[in-house]
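Here are my notes on the fold, point by point. Please read them with the model open.

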Amino acid sequence: MQLDCYKRITNKYLLSAFMLKIAWSPVYCHPLPANHRFPMQKYELLPEQLLYEGTITPDNLFEPPPLPDAYITNTHTSAYWQRLESLQLSPAEQRRTGFPLSAALVHRETVIANGTVQAALFALQHGIGMNVAGGTHHAFTYKGEGFCLLNDIAIAANYLLQKGLSGKILVVDLDVHQGNRTAQIFGQNPKVFTFSMHGEKNYPMHKEHSNLDIALPDGTPDAVYLPLLEYNLKHLLQKVQPDFVFYLSGADVLQTDKLGRLALTPKGCRQRDEMVFAACRQNKIPVAVSMGGGYSPRLADIVETHANTFRVAQQLYF
Ligand SMILES: [Zn+2]
């Protein structure tokens, strides 16, 4: 009897020791005014779909607590964080973020930022860790913009560097919009190499300099996108020699995206994810994944594309 019990615990431990850990919280799906253009519902539908189809079980999900202030101000200015936390942003500043400011929204952002930090810590143990949200790469150190209030990848990268858990980080930003503020935040930091592949005519109109930018013309299809990515990933892993990768997987590269301007198919998006994960896995580099934007008119297209990122991760790693 005792032995059986021990076995069960051991098995459970073994199961949970090597499993895909995914940051998610009910607060990710934040209530917005009616007809708001941000597809907030995806943060509820995506885990629901993954659970429903059996790609994940509830054990794969973990709920991050809010990130302590000290890890927010390792990236953002104290002045900005204090104004954000005390809901002091001006109406114009709030408009630039795209979201009405509230204590619940700020709480959500700190939970999501910690989701990326915790996903990175799981990645160090399991090879990969994921966040259902994040990818808020337009957040400046001192202000928010374009649905981004806190820069989750910059915060998590600084966390790893500060704790001595990584010495060289590669950010692979494959959202259709340039990872402008992540590039700017790490512009003078030789320990973080920023790579952004994005639409050249997309927001932000003023691009920052990533360590490597690939600006793609409107209508770029799978047949151009995928070989370019494959070549550059291979080259970068050799040149940068990172010991950690942050991957921003945007669903707004899809042909159906209303803001994206590129022309990737759902299959092409899936191949993109496979390429990144396979490269990290082959080179034994842990990868933390944040989901980026997705603005296809049909919510199902967005959810399906994001879901593929999780399906591919499960297949390749576990
Ligand atoms: Zn985007």
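1. Two strands pair if DSSP finds at least two bridges between them. Helices (H or I, at least four residues) and strands (E, at least two) are DSSP runs, numbered from the N terminus. This is a predicted model, in which local features need pLDDT of at least 70 and side-chain atom pairs count only at pLDDT 80 or more, while totals for chains, interfaces and linings use all residues. Residues are numbered from 1 along each chain as its sequence is written.

2. Start with the sheet. It is open and has eight strands, in the order β2-β1-β3-β8-β7-β4-β5-β6, with parallel pairing. β2 (61-62) and β6 (212-216) are the edge strands; each has a single partner, so one side of each lacks a neighbour in the sheet.

3. Now look at β5 (residues 192-199). Strand β4 (residues 169-173) runs parallel to β5, and five bridges join the two. V171 has T194 of β5 as its bridge partner. β5 also pairs with β6, again parallel and over five bridges. There, F195 stands opposite L212 of β6. Is β5 mostly covered or mostly open? It is mostly covered, with eight of its eight residues buried. Here a residue is buried if 20 or more other C-beta atoms lie within 10 Å of its own, exposed if 12 or fewer, and partly exposed in between; C-beta atoms are placed from the backbone.

4. β8 is mostly covered too: five of its five residues are buried. In a regular strand the side chains alternate between the two faces of the sheet. On β8, V287, V289 and M291 take one side, A288 and S290 take the other, and all are buried. β3 (128-131) pairs with β8 in the parallel sense over four bridges, and M130 has V289 as its bridge partner. β7 (244-249) pairs with β8 in the parallel sense over five bridges.

5. Which residues have the most contacts inside the largest nonpolar core? They are V132, A156, A157, V171, V172, F246 and V287, in a core of 79 residues. Helix α6 (residues 103-126) supplies the largest share of this core, eight residues. A nonpolar core is a set of buried Ala, Val, Leu, Ile, Met, Phe, Trp, Tyr and Cys residues joined through C-beta atoms within 7 Å. Take A156: not counting residues up to four places away in sequence, A156 touches T116, V117, A120, F246 and A288. Contact means that the C-beta atoms of two residues, placed from the backbone, lie within 7 Å.

6. Next, the helix pair α9 (residues 222-240) and α10 (residues 266-282). They pack at an angle of about 10 degrees, with their axes 10 Å apart. Axes are lines fitted to C-alpha atoms, for helices over the stretch in contact, and angles run from 0 to 180 degrees between N-to-C directions. α9 and α10 are therefore roughly parallel to each other; the cut-off for that term is an angle under 35 degrees. The residues of this contact divide into eight nonpolar, two polar and four charged. Ala, Val, Leu, Ile, Met, Phe, Trp, Tyr, Cys and Pro count as nonpolar, Asp, Glu, Lys and Arg as charged, and the others, Gly among them, as polar.

7. Check G292, in the loop between β8 (287-291) and α11 (299-317). Why does G292 count as buried? Because 24 other C-beta atoms lie within 10 Å. G250 is 42 residues away in sequence, yet the C-alpha atoms of G292 and G250 are 3.9 Å apart. Beyond four places in sequence, the contacts of G292 include G135, D175, L248 and D252.

8. Finally, some backbone details to inspect. Y203 and P204 are joined by a cis peptide bond, with omega about -5 degrees. P204 is in the loop between β5 and β6. L87 lies in the loop between α4 (78-85) and α5 (91-97) and counts as exposed, with 12 C-beta neighbours inside 10 Å. R261 is in the loop between β7 and α10 and counts as buried, with 20 such neighbours inside 10 Å.

Notes. Parallel < 35°, antiparallel > 145°, perpendicular 65-115°, else oblique.
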